[in-house]
Amino acid sequence: MRRMRRLLVPAVIAAAGAVLLPAGPAGARAGAEPGSITCHGGSLSAAFSPGVTFRKQTTQVQAEGDLGVCSSQEHPKLTGGTFRFSGSGTGACPGPFAIGYGKMVITWNDGSTSTMPQMSVRAEAFTVSLDGGAVSEGPFRGATGRLSGRVTTSPMEISNQCITSGLTRYEANLDSVALGAI
């Protein structure tokens with residue numbers, strides 16, 4: 001019994017010490033996390049060139065807009081900003097108008113920029129989304145980006161553009177823009 005106690009006491013002390021010590025690599029990673037930010041209430045304006053028609057084709061997609069109101073625990077001074085997206089996709093009327101890839105750059109209200117060189121784009125008749133790009137430089141480096149919104153251009157206007165010269169432009173309200181572990 002005495003021998004067992006001599007073996008048991010050091011084991012209990014070692015286990016208690018392991019619980020109290022900071023985690024090695026996992027603890028080091030926690031400080032290196034990119035942080036996150038969420039924005040609501042923004043807007044998007046998209047342009048397609050050449051205009052999207054009823055024939056499936058590749059089109060260049062240019063979009064820009066306002067992020068709305070943003071909040072981040074890690075970066076409390078970043079409260080808003082603007083973005084630009086440039087890419088290309090394949091699509092046709094009645095939709096999706098463009099499914100493809102491109103680069104998105106966010107300019108924050110403090111003048112800093114976050115660049116996501118490889119975002120997927122999906123522009124449809126009622127929704128628009130940019131997903132999956134990892135921030136390669138700037139605030140939130142390493143975080144994943146996502147933007148989603150609802151198209152505000154009327155279906156009648158979209159149909160009219162598709163029938164005449166092709167859909168060249170539409171507008172959307174942004175439901176959310178998020179960067180982080182999403």
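This is a dialogue about a predicted model and the terms used to describe it.

Trainee: What makes up the protein, from the N terminus on?
Mentor: The elements run α-α-β-β-β-β-β-β-β-α-β. That comprises three helices and eight strands. Of the 182 residues, 37% count as buried.

Trainee: How confident is the predictor, and where is the pLDDT below 50?
Mentor: The average pLDDT is 85, and 81% of the residues score at least 70. Over residues 1–32 the pLDDT is below 50. Beyond near neighbours in sequence, that stretch has two contacts in the model.

Trainee: Why is Thr 59 called buried?
Mentor: Buried means under 20% relative accessible area. Thr 59 has 1%, so Thr 59 counts as buried. Thr 59 is found in strand E2, residues 57–71.

Trainee: What does the side chain of Thr 59 reach?
Mentor: The backbone oxygen of Pro 50, at 2.7 Å. A polar contact needs N or O atoms within 3.5 Å. The 2.7 Å of Thr 59 falls within that limit. Thr 59 also touches other residues, including Phe 48, Gly 87 and Phe 97.

Trainee: How do you know which kind of peptide bond joins Ser 49 and Pro 50?
Mentor: By omega, which is about -5° there; the bond is cis. Pro 50 lies in strand E1. The bond from Gly 95 to Pro 96 is cis too, with omega near 0°. Pro 96, however, is found in the loop between strands E3 and E4.

Trainee: What makes Phe 48 and Tyr 170 an aromatic pair, and of what kind?
Mentor: Ring centres must lie within 6.5 Å, and planes over 60 degrees apart count as edge-to-face. A search of the whole structure finds three aromatic pairs. For Phe 48 and Tyr 170 the values are 5.5 Å centre to centre and 80° between the planes, an edge-to-face pair. Phe 48 lies in strand E1 and Tyr 170 in strand E8, so the pair ties together parts that are 122 residues apart in sequence.

Trainee: Are Phe 48 and Tyr 170 buried or exposed?
Mentor: Both are buried. With Phe 97, they form one aromatic cluster.

Trainee: Why do you say that the buried residues of H3 line one face?
Mentor: The buried residues of H3, residues 155–163, are Ile 158, Gln 161 and Cys 162. Seen down the helix axis, they fall within an arc of 100°, so they line one face. They pack against strands E1, E7 and E8.

Trainee: What does the face of H3 turned away from the buried side carry?
Mentor: The exposed residues Met 156 and Ile 163.

Trainee: What makes E5 and E6 paired strands?
Mentor: At least two bridges are required. E5 and E6 share four, in the antiparallel sense. In E6, Ser 129 is the bridge partner of Arg 122. The two strands form a hairpin with three residues between them.

Trainee: How many bridges join E6 to E7, and in which sense do they run?
Mentor: Six, and the strands run antiparallel. Leu 130 stands opposite Leu 147 in E7.

Trainee: Why does Leu 147 count as buried?
Mentor: The cut-off is under 20%. Leu 147 has 0% relative accessibility, so it counts as buried. Its contacts include Leu 44, Phe 83, Met 104 and Leu 174. The C-alpha atoms of Leu 147 and Ser 129 are separated by 5.4 Å, yet these residues are 18 apart along the chain.

Trainee: Why is Thr 115 called buried?
Mentor: Thr 115 has a relative accessible area of 8%, so it is buried. Thr 115 is found in strand E5, residues 113–123. Among the residues it touches are Lys 103, Val 105 and Val 135.

Trainee: What is the phi of Phe 140?
Mentor: Phi is positive, about 70°, although Phe 140 is not a glycine. Phe 140 lies in the loop between E6 and E7.

Trainee: How do you know whether Phe 140 is buried or exposed?
Mentor: From a relative accessible area of 2%: Phe 140 is buried.

Trainee: What share of contacts between residues at least 6 apart in sequence joins residues at least 24 apart?
Mentor: The share is 57% in this protein.

Definitions and conventions: Residues are numbered from 1 along each chain as its sequence is written. Side-chain values use heavy atoms; hydrogens and water are left out. Buried means under 20% relative accessible area, exposed over 50%, partly exposed in between (1.4 Å probe, protein chains only). Contact means heavy atoms within 4.5 Å. A polar contact is a pair of N or O atoms within 3.5 Å; within protein, one must be able to donate a hydrogen and the other to accept it, and residues adjacent in sequence count only if both atoms are side-chain atoms. The arc is that of the directions from the helix axis to the C-beta atoms. Rings of Phe, Tyr and Trp (its six-membered ring) pair if their centres lie within 6.5 Å; planes under 30 degrees apart count as stacked, over 60 as edge-to-face and the rest as tilted. pLDDT is the predictor's confidence in each residue, from 0 to 100. Lists of a residue's contacts leave out its neighbours within four places in sequence.
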